[in-house]
Amino acid sequence: MSEDDRTRAMRSPGDGRPLPPRPDDGLRSGGAPAHQAPPLRGANAPTHKLPTVPPAPEPSSPRAADDGGPSQGRSRVYGRERSGGGGPVRPLRSPSGGSGGPPEQPRGGASRAPRGPRRRPSGRLIVKIIAAFVVALLVTGVGLLFWIDSRLSGIEGVLDDYEGRPDDTPGTNWLLVGSDSRKGLSAAQRKKLATGRAVGQRTDSMMLLHIPDGSDKPTLVSLPRDSAVTIPGRGRDKLNSAYAFGGPKLLVRTVETVTGLHIDNYMEIGFAGFVDIVDAVGGVEINVRAAVDDPKAGLKLKKGTQVLNGSQALGYVRTRKGGALPDFERTKRQRQFLGAVVKKAASPGVLINPFTSIPLAMSATDAVEVDTGTGVFDMLSLGLSMGDSPVTTVVPFGGEESVASGGTAIKWDRTKAVALFDALKEDKPVPKEVIDAN
């Protein structure tokens, strides 16, 4: 035994003094004995070899390097760093608590902090979404308008110029005509609606709508169909005879001649179309001022406010029952009903709902006929004007007049009638005494 070996054997491992190094001493891994035991030989030698563990490098501590002091020994056991003497060695555990056991909890027993609230969409994103939605609505609306415009049926030549035609006047003038055409009605429908079997068609109602250029309210004037007027080329006769003689074209010329107004748009609707439009909007609420029982019109109504369906509405505007002047009362009901149905059709609940607006558009375009110059935007203007609670009246009249076709016709009060039409021609409100004349 050498001197160094005897010195090592005499010193106790716990006396605190370092042992002198041996020439064959190398780096020792964490947990290795302070000195190497002599190998076993003979019967005491092991029958197998233990795996050799490579020495783990000791990385320098950044903190020690920054402070300029000696680096603390750090080793990595199963991939987790530990500082020399800082605490017990813990094996790594999988986050899911697999083979390594349950997920590691923070020291002190505190649970992991919950995730923060989800990030709310920014204002810019919200604006983009709203803008995209608005654009989609606009594109759909424009497409629907062009589709409706393509379905409108135009009447050729109804507003053609002629010699002596009144010049264009301020505002916009519509001639609205309800005909007694049975076109589109089956025999069963004619019987149910009590329309009779008359062939051909005549005007059942006529109204003049003036839409001012300014902020004044529109004016809706009833033109009684039995009014005595001068029909170009036919002499004095009832107003509805003009339609029977020459259709819409002669009717427009007659109205322009007797009123001095320039007609800008023409619209006509028959019995079948009238019923379809009313049913498409789900009926119209009407205040029936007096009970009506008219078998000829297929109508029986109680007094009071009630919702009328298509067939009831048609009977309501056609009946001649009630009032000292049946035809005058009839024109009042027609104006009342026209305002109510257009107002209902233009309401947001009908227009925004595709289940009502699309069937209404289809029914309206199938039901009405217009002049070739009238388009969908003109129809929109008409609807908005009627929804604006227009001033309603009838041409002032008084007395009767015999006409060439036989029978008697209603004679207009010339002075008041001229005052009415002059006010519309100048785009001014109609004088109150004219409105209240009848």
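Modeller: Let me start with α7, where Gly-310, Ala-313, Leu-314, Gly-315, Tyr-316, Val-317 and Arg-318 are buried. Please keep in mind that this is a predicted model, in which local features need pLDDT of at least 70 and side-chain atom pairs count only at pLDDT 80 or more, while totals for chains, interfaces and linings use all residues. Residues are numbered from 1 along each chain as its sequence is written, and side-chain values use heavy atoms, with hydrogens and water left out.

Colleague: Why does Asp-427 count as buried?

Modeller: Its relative accessibility is 17%, and the limit for buried is under 20%, so Asp-427 counts as buried. Asp-427 sits in the loop between α12 (414-425) and α13 (432-435). Its phi is near 60 degrees, a positive value in a residue other than glycine.

Colleague: What makes the pair Lys-428 and Glu-426 a salt bridge?

Modeller: The rule asks for a side-chain nitrogen of Lys or Arg within 4 Å of a carboxyl oxygen of Asp or Glu. For Lys-428 and Glu-426 the N to O distance is 3.4 Å, so the pair meets the rule. Lys-428 is partly exposed at 49%, and Glu-426 is partly exposed at 47%.

Colleague: How many salt bridges does a search of the whole structure find?

Modeller: It finds six salt bridges. One of them joins Asp-161 and Arg-165, with the closest N and O atoms 2.6 Å apart. Asp-161 is exposed at 65%, whereas Arg-165 is buried at 13%.

Colleague: Why is it said that Asp-160 and Lys-249 tie together parts that are apart in sequence?

Modeller: Asp-160 forms a salt bridge with Lys-249, the closest N and O atoms being 4.0 Å apart. Asp-160 lies in the loop between β3 (153-155) and β4 (172-179) and Lys-249 in helix α5 (residues 239-259), so the pair links parts that are 89 residues apart in sequence. Asp-160 has a relative accessible area of 40%, which makes it partly exposed, and Lys-249 is partly exposed at 47%.

Colleague: What makes Ile-126, Ile-130, Phe-133, Val-134, Leu-137 and Leu-138 a patch?

Modeller: A patch is made of residues with over 30% relative accessible area and no salt bridge, where like charges are joined within 9 Å and nonpolar side chains (Val, Leu, Ile, Met, Phe, Trp, Tyr) within 5 Å. Those six residues form a nonpolar patch with about 580 Å² of accessible area together, computed by the Shrake-Rupley method with a 1.4 Å probe and only the protein chains shown as cover. As an example, Leu-137 in helix α3 (residues 123-151) has a relative accessible area of 49%, so it is partly exposed.

Colleague: What is the volume of the largest pocket, and which residues are closest to its centre?

Modeller: The volume is about 1500 Å³. Of the 50 lining residues, the closest to its centre are Ala-345, Leu-351, Leu-360, Ala-364 and Met-379. The largest share of the lining, eight residues, comes from α3. On a 1 Å grid over the protein atoms alone, a pocket is an open set of points with protein on both sides within 12 Å along at least five of seven lines; a cavity is a set where a 1.4 Å probe fits but cannot get out, and lining residues have an atom within 4 Å of a point.

Colleague: Where does Leu-351 lie, and is Leu-351 buried or partly exposed?

Modeller: Leu-351 lies in helix α9 (residues 348-351). At 48% relative accessibility, Leu-351 counts as partly exposed.

Technical notes:
Helix = DSSP H or I, 4+ residues; strand = E, 2+ residues; numbered from the N terminus. Buried < 20%, exposed > 50% of the residue type's maximum accessible area, 1.4 Å probe, protein only. Points joined across faces, edges and corners; volume = space filled by probe spheres on them.
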